[in-house]
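User: I would like to learn how to read features of a protein model one at a time, beginning with a single residue and ending with the contact between chains. Could you take me through them, giving the idea and then the case at hand?

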Amino acid sequence: MPARLEIALKDHLLDAEGEGIRHKASDYFGIQLSRVRSVHILTIDADLNPQQFKKIQTEIFTNPVTQVSSFEPLAIPFDWTIWVGYRPGVRDNAGATAVEAIEDLLGVTFAADAAIYTSRRYCVQGSNLAKDELNRIAGQLLANDIIQQWQIIPQSKWNPENGIGIIIPKVQLDHIPTVDTVPIDSDKTLARISVERNLALNPSDIPTIRSYFRDKNVQADRARVGLSDPTDVELEYISQARSDHCNHNTFQGLFHYRDLTTGQSERVDNLFKTCIEAPTRALKEQKPWVISVLWDNAGAGRFDDEHYYVITGETHNSPSNMEAYGGAITGIVGVYRDPLGTGKGSRLVMGGYGYCVGPRDYRGDLKPHLHPRRLLDGVIEGVRDGGNKSGIPTTFGQVIFDAGYLGKCLVFVTAVGIMPARINGEPAEHKRTSPGECVIMCGGRVGKDGIHGVTAASETFSENTPAGHVQIGDPYTQKKMHDFLLEARDKGLIQFITDNGGGGLSSSIGESARYANGCEIELEKVPLKYEGLDQWEIWVSESQERMTVSIRPEDLDEFMRLSEKHAVESTVIGRYTDSGKLHISYDGKTCAHIDLDLLKHGFPQWEFEADWIAPQQRGLVEPVIDGPQECGMLLLDMLARPNICSTEWIVRQYDHEVQGSSVIKPLVGAERDINSDATVTRPVLAASKGLAFTQALLPAYSAIDAYHMTACSIDEAVRRLVAVGADLDHIGGVDNFCWPSIQYHAVENPDGKFKAAQLVRACWALRDMCKAYAIPLLSGKDSMYVDGHLPGRYGEMHKVSAPETLQFSAISVVEDIRNCVSMDSKMPDDLIYVLGITRDELGGSEYYAHFDEIGLNVPRVQAENFWPVYQALSQAISRGLVASAHGIYRGGLGVHLAMVAMGGHLGMQVDLDRVPATGVNRDATLLFSESAGRFIVTIDPSHHQEFEHLFEPTTCARVGTVTAAPQFEIKGLDRTTIVSVAVSALKAAWKKPFGDLI
Amino acid sequence: MSDVNVLILAGYGLNCDNETAHAFALAGARAQVVHMNALINGEARLEDFQIMVFIGGFSWADDHGAGVVQAVRLKTNIGERILDFVDRGNLILGICNGFQALVNFGLLPGFDQDYTRRSIALTYNDCGNFRDQWVYLKTNPASACVFTRGIKAAEFPVRHGEGKFYADEATLERLLADNQVALQYARPDGNPADGCFPYNPNGSLHDIAGICDPTGRIFGLMPHPEAYHHWTNHPDWTRVHQAARRQGRSPADSPTVGIRMLQNAVNHVRCA
């Protein structure tokens with residue numbers, strides 16, 4: 001008999017969850033609630049006797065000090081009850097751990113169809129509440145209809161005996177798994193089936209697929225295993241592998257680039273090869289520290305003689321856009337499997353994040369599925385639980401607000417791992433599968449979740465996008481698997497390892513089988529969450545927390561013993577062969593038999609028209625704004641802009657120092673609240689070396705030219721690393737492109753050609769900058785189709801495209817962490833220097849954005865002029881001459897001088913006329929221009945000669961002094977004081993927008 | 001090889017094993033990371049250790065109360081062996097999730113030598129969220145706590161969502177009266193935090209950050225001493241370092257207060 005256990009905090013205890021809801025209802029919707037109490041519900045669908053029920057109630061699920069519980073509904077007063085539970089098939093992590101706990105306590109094993117379902121009941125009190133208001137709270141705060149169901153019950157309709165009843169969201173498919181054969185009599189038929197089955201096959205791929213299956217030799221071969229036309233398993237395999245998400249068809253495409261101003265045209269064949277692969281390969285030759293790039297799940301660089309670090313970055317935009325918490329937690333937990341699946345396996349040592357969302361206070365007419373505020377809350381919490389519960393410090397991150405992200409948000413997640421250089425005497429970065437080895441699936445089980453996630457990520461978001469690909473990551477299961485696999489690695493048991501991410505087994509086995517050149521998979525052996533999945537679903541399901549591992553038969557017993565010790569499920573599902581075929585069977589019957597090299601040959605290249613129109617030709621001009629009289633007030637307002645102000649509330653939710661490796665934290669300074677340029681961690685506690693990590697995101701410049709957006713992002717990331725004391729010759733990069741759709745369509749995407757040209761230009765900048773700064777691209781990903789269709793006030797649908805966005809992550813080694821520098825001013829009387837030249841480059845700036853302008857003069861990177869400054873600063877830091885160093889980024893010199901002052905909680909006096917500048921004759925330009933290549937440095941006055949000696953006088957000037965009195969004073973070009981503000985007032989303004997959030 | 005063996009209990013979502021082992025090694029002990037199941041199945045024996053550490057992390061994802069399932073599993077499978085370990089005069093340290101496990105097991109507060117009764121809860125932070133920040137702490141010089149001996153004040157990070165120390169009045173009075181309250185949240189000047197956020201980061205009653213059993217040999221705390229094993233872990237180190245250099249001093253390579261806390265335990269075993 002199923003039972004329902006209700007658990008709540010004792011009445012006199014503060015219910016922080018309930019209080020949080022009460023506050024949000026008021027802040028977000030203006031709905032006043034007097035009291036909210038939360039009740040945790042376990043619905044236990046298992047055969048337990050009354051003694052057993054009693055035992056689990058008292059020993060596991062009720063804290064005698066703080067909680068009350070009952071198998072009857074708890075009598076907690078309410079005016080309305082809101083019940084929220086998961087829909088069938090949605091991952092219920094707490095339900096799963098409840099089963100584990102009960103099995104352990106009672107020494108029982110749950111039957112295959114027994115389970116525990118968690119849900120929540122909220123007892124809401126308030127006067128004159130209308131059902132609509134409750135609906136709003138339920139639908140827009142407590143639940144997301146994509147993954148959850150809810151009920152709203154007024155006190156008058158409440159049955160105190162039955163409560164919410166016994167609700168069991170069990171998946172019951174009552175379906176006998178079947179393999180379908182798909183007719184391929186014409187291109188049209190296959191195109192139709194592609195739409196019906198949501199295969200998202202590219203029309204130009206269809207003839208290639210058909211000709212393969214119609215080949216006489218192939219047909220003869222297939223007949224021998226009992227196959228004729230392609231099966232659904234086979235077409236799903238091809239669809240997954242050919243998707244833009246897995247195959248990067250866009251970056252490997254052929255671009256017909258035309259500059260409409262000059263009339264010149266250029267054929268750009270394969271952006272990946274020309275702008276990413278070629279420069280990185282060339283740099284690998286020059287830089288022996290580059291260990292492994294361009295093939296594995298993450299790139300590897302040398303940390304020290306005994307260790308390599310690995311890094312990769314991902315996005316999880318579409319799922320997060322629909323279910324923010326689930327999408328984000330799945331994203332961060334998912335990217336953590338990449339280092340784990342790099343080489344023979346790497347231990348995770350840190351994570352990073354970047355969020356691009358609509359304005360948090362958006363009040364316009366467009367109706368995104370989730371309001372940006374709620375979406376951001378969910379994304380923050382998803383990464384919080386995913387990172388914290390993985391035991392991996394989340395050290396660095398950024399948030400950008402822009403209305404362009406209302407259509408689809410961006411969620412960047414970055415992962416860094418570390419591996420020993422050698423395992424059992426063999427290079428740890430090498431791995432391969434060999435014929436005869438066992439194919440093992442480790443970790444979670446397979447369900448319907450995540451099916452077609454990859455193909456959905458390759459499409460624009462619309463109301464018809466299937467919600468089935470939304471998942472909820474399970475960091476607990478993955479952490480156990482992580483610990484297990486690293487122990488197995490250290491024992492030399494792992495020959496090959498890769499993660500099951502996009503495309504599931506289809507992708508991980510399809511790729512790993514290429515080394516051995518074949519595999520035989522018995523699909524019926526794959527452990528399932530519930531029965532009734534079709535074979536193709538098992539094959540492509542993206543159920544999370546799974547790795548595919550290749551083990552030698554002689555190591556199998558030991559591997560399985562370790563797996564059991566770590567309470568991780570591992571299953572042999574087949575073996576690698578040298579047949580050249582991907583051979584899949586189910587209960588002995590073949591359901592796929594495909595040449596592994598099919599995907600490598602014969603598919604046509606995607607083609608794009610790319611028309612560049614220069615900014616002037618697009619009508620962009622510099623706005624005419626004459627010098628502000630109230631520079632102090634302007635500066636305060638600039639500090640309070642959403643893209644500049646404090647986001648401490650996010651940083652504090654993330655454990656950024658687990659593993660004991662923290663050296664430079666995300667927040668630094670006297671009051672530990674100012675954003676650091678980069679973070680430094682010590683992945684090897686016994687070593688005095690560190691890893692510096694940072695990211696840059698400057699999508700605003702794309703409004704003028706994505707070339708300069710890209711160049712400035714890379715320059716900013718480099719400066720961020722230099723500022724903390726990282727090694728300049730050891731910088732590795734990770735490029736994460738998020739672009740709106742670039743395929744031209746006269747009606748659907750009329751500016752597609754321009755967006756394609758922006759992409760080409762961004763890639764050119766990537767190539768140019770990586771060459772100029774000698775940065776190999778250790779990893780990178782692209783996510784296209786960042787567009788959404790949103791209903792407006794009249795029911796009309798608007799296409800909203802995101803600004804062309806690149807997140808550039810950079811990593812480098814710090815030789816000696818004791819030489820690291822933080823950005824906060826340190827001592828009164830220290831000298832303030834500005835390095836680098838300020839130019840009239842307000843185009844795309846935060847200053848212009850403050851006045852709703854774009855402008856024209858976008859900042860330009862002059863790498864060859866900047867580099868000597870970076871080298872000199874780097875040298876000054878390693879010689880111990882620098883007290884603080886901080887780059888000048890978004891918002892310009894004024895904003896970043898304020899950051900340095902706030903960091904030290906010390907005043908400063910600065911003369912703008914001493915700032916190195918070219919072609920600038922206005923205070924506002926000096927204060928807010930976002931010219932690249934600049935720093936603010938403070939030093940001990942006794943070092944000034946040695947320090948200045950390192951720089952060309954034109955690029956380094958002493959501009960002022962740090963003062964004990966915490967007053968921030970700036971003199972303008974005419975030598976009069978134009979800003980005089982207390983440092984505490986600066987900080988109050990900077991913290992105003994989000995300072996109350998926790 | 002050291003004469004003091006420390007068992008670092010790991011597995012099931014716990015995650016501070018590496019740095020806790022590293023910190024104990026710095027404190028002069030021989031630390032060994034042992035999976036909970038290796039202890040249960042007999043692969044590892046408690047008899048070989050003098051200090052047992054319940055580390056930080058998210059055991060069983062904290063889904064049903066932080067540290068609850070871990071406590072149930074240990075109590076069910078090796079409860080007696082752990083009680084014997086205590087009886088033999090050994091030391092137990094519980095940090096964060098480990099502290100939560102100790103109170104749910106009943107090893108703390110250990111009134112009247114009853115090490116199985118649950119009378120304390122570490123419940124949801126009043127601020128309503130997980131929080132990572134450094135806190136100022138003051139110790140209780142009158143406490144029997146082995147770990148805090150000779151230490152007046154300390155700074156460590158807290159990193160938890162469920163760290164609010166809660167118990168009924170009688171329990172609290174007894175803990176205070178018997179000096180089992182070994183560690184309290186404080187202000188930077190050493191005065192009590194007095195419940196004031198963020199100095200008291202979670203709303204703990206009486207600012208309680210850590211308690212010991214009546215013998216002082218079992219100690220649980222929410223802040224992470226093992227996360228302050230090197231002077232560059234401290235959030236102010238770049239500032240302190242600058243100030244020291246101006247005075248011609250080099251940064252002290254003496255042990256951090258985090259390591260000193262563990263050294264106290266190691267020395268206690270050595271002298272016992």
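User: Is Gly18(A) buried or exposed, and on what count does that rest?

Analyst: Burial is read here by counting the other C-beta atoms within 10 Å, with 20 or more taken as buried. In this predicted model, Gly18(A) has 21 other C-beta atoms within 10 Å and is therefore buried. Gly18(A) is placed in helix H1 of chain A, and, leaving aside its neighbours within four places in sequence, it is in contact with Val36(A), Arg37(A) and Ser38(A). Arg35(A) stands 17 residues from Gly18(A) in sequence, while the C-alpha to C-alpha separation of the two in space is 7.5 Å.

User: How does one describe the packing of two helices, and at what angle do helix H1 and helix H4 of chain A pack?

Analyst: Two packed helices are described by the angle between their axes and by the distance between those axes. For helix H1 (residues 16-29) and helix H4 (residues 131-142) of chain A, the angle is about 100° and the axes are 11 Å apart. Since angles of 65 to 115 degrees count as roughly perpendicular, H1(A) and H4(A) are therefore roughly perpendicular to each other.

User: Which residues of H1(A) and H4(A) meet?

Analyst: From H1(A) come Ile21(A), Lys24(A), Ala25(A), Tyr28(A) and Phe29(A), and they meet Arg136(A), Ile137(A) and Leu141(A) of H4(A). Sorted by class, this contact holds six nonpolar and two charged residues, with no polar ones.

User: Moving to the whole chain, what is the radius of gyration of chain A, and what does the globule rule give for 998 residues?

Analyst: Chain A has 28 helices and 43 strands. Its radius of gyration is 29 Å, close to the 30 Å from the globule rule for 998 residues, so chain A is as compact as a globular protein of that length. Along the principal axes, the C-alpha trace of chain A spans about 85 × 75 × 60 Å. Buried residues account for 58% of the 998 residues in chain A, and, among its contacts between residues at least 6 apart in sequence, 81% join residues at least 24 apart.

User: Which domains does the domain assignment give for chain A?

Analyst: The assignment gives domain 1 (3-157), domain 2 (187-247) and domain 3 (822-998). Taken over C-alpha atoms, the centres of domain 2 and domain 3 of chain A are separated by 59 Å.

User: How many helices and strands does chain B have?

Analyst: Chain B has seven helices and 11 strands. A compact globule of 272 residues would have a radius of gyration near 19 Å, and the 18 Å of chain B agrees with that. The C-alpha atoms of chain B fill a box of roughly 55 × 45 × 35 Å along the principal axes, and 61% of the 272 residues in chain B are buried. Of the contacts in chain B with a separation of 6 or more, 77% come from residues 24 or more positions apart.

User: Turning to the backbone, which residues does a cis peptide bond join, with omega about 10°?

Analyst: That cis peptide bond joins Leu108(B) and Pro109(B), and Pro109(B) lies in the loop between helix H4 (97-105) and E5 of chain B. A cis peptide bond, with omega about 5°, also joins Phe197(B) and Pro198(B); Pro198(B) is found in the loop between strand E9 (181-186) and strand E10 (208-212) of chain B.

User: Where does Asp207(B) lie, and what is its phi?

Analyst: Asp207(B) lies in the loop between E9 and E10 of chain B, and its phi is near 55°, a positive value in a residue other than glycine. With 24 C-beta neighbours inside 10 Å, Asp207(B) counts as buried. In chain A, Ala774(A) also has a positive phi, of about 55°, although it is not a glycine. Ala774(A) is in the loop between helix H22 (752-772) and strand E31 (777-783) of chain A, and, with 16 C-beta neighbours inside 10 Å, Ala774(A) counts as partly exposed.

User: Finally, how many residues of chain B are in contact with chain A?

Analyst: In chain B, 53 residues are in contact with 56 residues of chain A. Among the elements of chain B that each supply at least two residues to this side are helix H1 (17-26), strand E6 (131-139) and helix H6 (237-246). H3(B) gives the most, with five residues. By class, the side of chain B that touches chain A has 20 nonpolar, 22 polar and 11 charged residues.

Key
Residues numbered from 1 in each chain as written. Chains lettered and ligands numbered in written order. Predicted model: local features only at pLDDT ≥ 70, side-chain atom pairs only at ≥ 80, totals over all residues. Contact = placed C-beta atoms within 7 Å. Helix = DSSP H or I, 4+ residues; strand = E, 2+ residues; numbered from the N terminus. Nonpolar A, V, L, I, M, F, W, Y, C, P; charged D, E, K, R; others polar. Domains from an automatic or database assignment. Axes fitted to C-alpha atoms, helices over the stretch in contact; angles between N-to-C directions. Parallel < 35°, antiparallel > 145°, perpendicular 65-115°, else oblique. Rg over C-alpha atoms; globule rule 2.2 N^0.38 Å. Buried ≥ 20, exposed ≤ 12 C-beta atoms within 10 Å, placed from the backbone.
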